[in-house]
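I opened a new page for this model today.

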Amino acid sequence: MKNFPGRRVAAFCLSALLAAHAIAGPAPIPLLQHKDGRYALVVDGKPFTVLGVQAHNSSNYPAALGQVWAAVRDVNANTLEIPVAWEQLEPVEGKFDFSFVDALVAQARQNKVRLVLLWFGTWKNTGPQYTPEWVKFDNQRFPRMIGKDGKGIYCLSPFGEQTLKADTRAFTALMAHLKKIDSVQRTVIMVQVENEVGTYGTVRDFSPSAEAAFRQQVPAAVLARKKPPAPGAANGTWQEVYGPYADEYFHAYAVASYIETVARSGRAVYDLPMYVNNALRDPLEPMAPWKSNFASGGPTYDVIDIYKAAAPHIDIAAPDIYSPESDKVGATLERFQRQDNALFVPEMGNAAGYARYVYQILGRGAIGVAPFGIDYADYSNYPLGSKLKDKAMAEPFGKIYAAFRPMAHHWAQWSLDGRTFGIAEGDDRKPQSILAGDWKITAKFREWQFGHANKDDLPPGTESPNGGAALAQVGDDEFIVIGQNIRLNFEHSAGKPSMYARVEEGHFDAGGKWVMERNWNGDQTDWGINLTARPTVMKIRMGTYVQ
């Protein structure tokens with residue numbers, strides 16, 4: 001057997017993992033729980049909030065992990081998302097090297113962190129760069145797509161039978177290995193299949209096999225879920241049913257069907273939750289046929305129905321958020337959070353301005369969130385993310401996660417029960433209101449803790465939008481609140497006279513128990529609940545009275 005790099009480390013790690021199996025009983029396998037259109041990722045039998053980070057693309061090697069774990073600790077994350085590349089798993093066809101996976105799982109356990117593995121297989125950001133060399137340079141066996149002009153393009157074809165067979169075999173081998181080393185402790189809690197699929201520059205594959213498929217009838221499963229945006233035939237070919245949208249929708253179906261084959265085979269071996277991520281189309285742009293403005297064929301919000309029809313073994317279509325504008329973030333979350341699709345944000349910019357969206361995302365009921373590029377490799381993906389590459393980059397997220405993490409299980413359950421709400425300061429800096437049962441909560445920004453600010457005298461540290469809050473209604477009149485740089489005012493929605501019964505500042509301990517540190521009153525509540533740049537956790541109980 002070829003002596004792949006890291007095999008001795010892998011052998012040691014694997015022995016330690018198998019020894020652990022002999023001691024402990026198996027934990028329940030992670031799963032996605034659905035309740036009345038809301039979702040929870042269940043880990044160790046309990047709802048789990050992914051307070052995640054994603055490492056850089058090239059940090060998926062044992063020698064690079066030290067810089068990753070340092071950042072994971074600084075950001076107080078409970079989950080690391082990290083690639084496992086086909087090229088490193090199967091550098092020689094038919095010979096698999098699991099040394100990185102073994103080292104990764106062992107070190108994750110040492111750091112008490114869960115893992116989400118990102119399978120960089122046939123497609124990574126639409127391209128084949130993470131396929132093994134024996135795939136990427138053999139286009140006879142592993143064909144690339146053909147453009148409308150008849151010329152080959154960069155992207156591997158979803159109609160490549162040998163490509164699909166080889167990817168499926170490698171992914172299934174990975175899942176089988178995870179079952180072997182992790183079916184007791186369940187360190188790996190979810191898997192992403194491929195990465196930001198689709199194609200730029202061409203709407204679909206125009207190869208002979210693709211053209212033949214395009215002329216076929218639209219499958220009944222697609223017709224049942226995806227209605228044409230423009231009037232078309234009730235059934236028929238893709239062109240007959242979907243008209244100007246036919247090319248994009250056909251491509252989405254072809255890519256999703258390919259992914260389904262990979263995911264189905266992997267889950268047959270080890271049934272972990274699986275998702276696909278998406279490089280977004282503009283959520284505010286009026287709906288129109290593809291015009292080279294996004295990656296056609298990817299799981300954009302307008303084709304989620306097609307992915308649900310074609311890929312039932314994929315649980316979630318998830319948005320990668322790299323547009324910092326607050327209106328686009330809000331619209332994206334709304335479009336991806338559906339009765340049939342859990343909200344999960346597996347990638348988000350790591351610039352400081354994105355940190356406030358953690359409150360909005362988790363408050364909306366997401367199963368988790370993960371800023372991208374949280375490791376200390378000497379690399380920055382600015383302008384998509386931060387210019388910083390050190391602790392200063394991690395700090396805006398770390399202080400929020402530090403407050404959330406002790407109550408992460410509670411939060412996931414509250415979210416599943418539909419009792420959570422989220423606010424992020426908008427780019428317009430205007431007040432926002434939410435209704436929670438009998439209570440109206442109004443958020444304002446750029447206020448001093450006492451009195452009102454004016455445009456010539458604003459609190460320091462509020463030059464850019466960075467305020468936010470997440471609220472859980474834990475009783476009819478009681479709320480857990482976590483937030484920063486925000487003023488919250490509570491009033492009865494029906495206008496009944498009301499006041500604070502108790503306003504406790506505190507935290508949840510390691511066992512998830514509430515610990516009061518002090519009770520706010522007087523100056524601290526006369527001007528509302530004013531939270532500063534330090535994320536603060538509050539337990540607020542309201543009451544009404546008769547005048």
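My entries below go from the whole chain down to single residues.

**Entry 1: overall build.** The model is a predicted one. I counted elements first: the chain has 16 helices and 23 strands. Next I looked up the extent. The C-alpha atoms fill a box of roughly 80 × 60 × 40 Å along the principal axes. I then checked the radius of gyration, which is 25 Å. A compact globule of 547 residues would come out near 24 Å, so the chain agrees with that expectation.

Entry 2: I find 56% of the 547 residues buried. Of the contacts between residues at least 6 apart in sequence, 73% join residues at least 24 apart.

**Entry 3: the cores.** Which residues touch the most other members of the largest nonpolar core? I noted L80, Y242, M348 and F404, in a core of 116 residues. Helix α10 (residues 246-269) gives the most to this core, with 10 residues. A second, separate core has 22 residues, including F421, A436, A443 and I486.

I then followed F404. Setting aside neighbours within four places in sequence, F404 contacts L51, V358, Y359, L362, W411, A470 and I482.

**Entry 4: helix α12.** I looked at residues 326-336. The buried ones are S326, V329, G330, A331, T332, L333 and F336. Their cover includes the strands β10 (274-279), β11 (316-321) and β12 (345-348). The helices α11 (304-310) and α13 (357-363) are also part of that cover. A reminder to myself: an α-helix has 3.6 residues a turn, so residues three or four places apart point the same way.

Entry 5: Most residues other than glycine have a negative phi, and most peptide bonds are trans. I searched for exceptions.

- Y382 and P383 are joined by a cis peptide bond, with omega about 15°. P383 sits in the loop between β13 (368-371) and α14 (391-404).
- D36 has a positive phi of about 55°. It lies in the loop between β1 (31-35) and β2 (38-43).
- E194 also has a positive phi, near 65°. This residue belongs to strand β9 (residues 188-195).

Are D36 and E194 buried or exposed? D36 counts as exposed because its relative accessibility is 60%. E194 counts as buried because its value is 0%.

Technical notes. Residues are numbered from 1 along each chain as its sequence is written. This is a predicted model: local features need pLDDT of at least 70, side-chain atom pairs count only at pLDDT 80 or more; totals for chains, interfaces and linings use all residues. Side-chain values use heavy atoms; hydrogens and water are left out. Helices (H or I, at least four residues) and strands (E, at least two) are DSSP runs, numbered from the N terminus. The radius of gyration is taken over C-alpha atoms; the globule rule is 2.2 Å times the number of residues to the power 0.38. Buried means under 20% relative accessible area, exposed over 50%, partly exposed in between (1.4 Å probe, protein chains only). Contact means heavy atoms within 4.5 Å. A nonpolar core is a set of buried Ala, Val, Leu, Ile, Met, Phe, Trp, Tyr and Cys residues joined through side-chain atoms within 4.5 Å.
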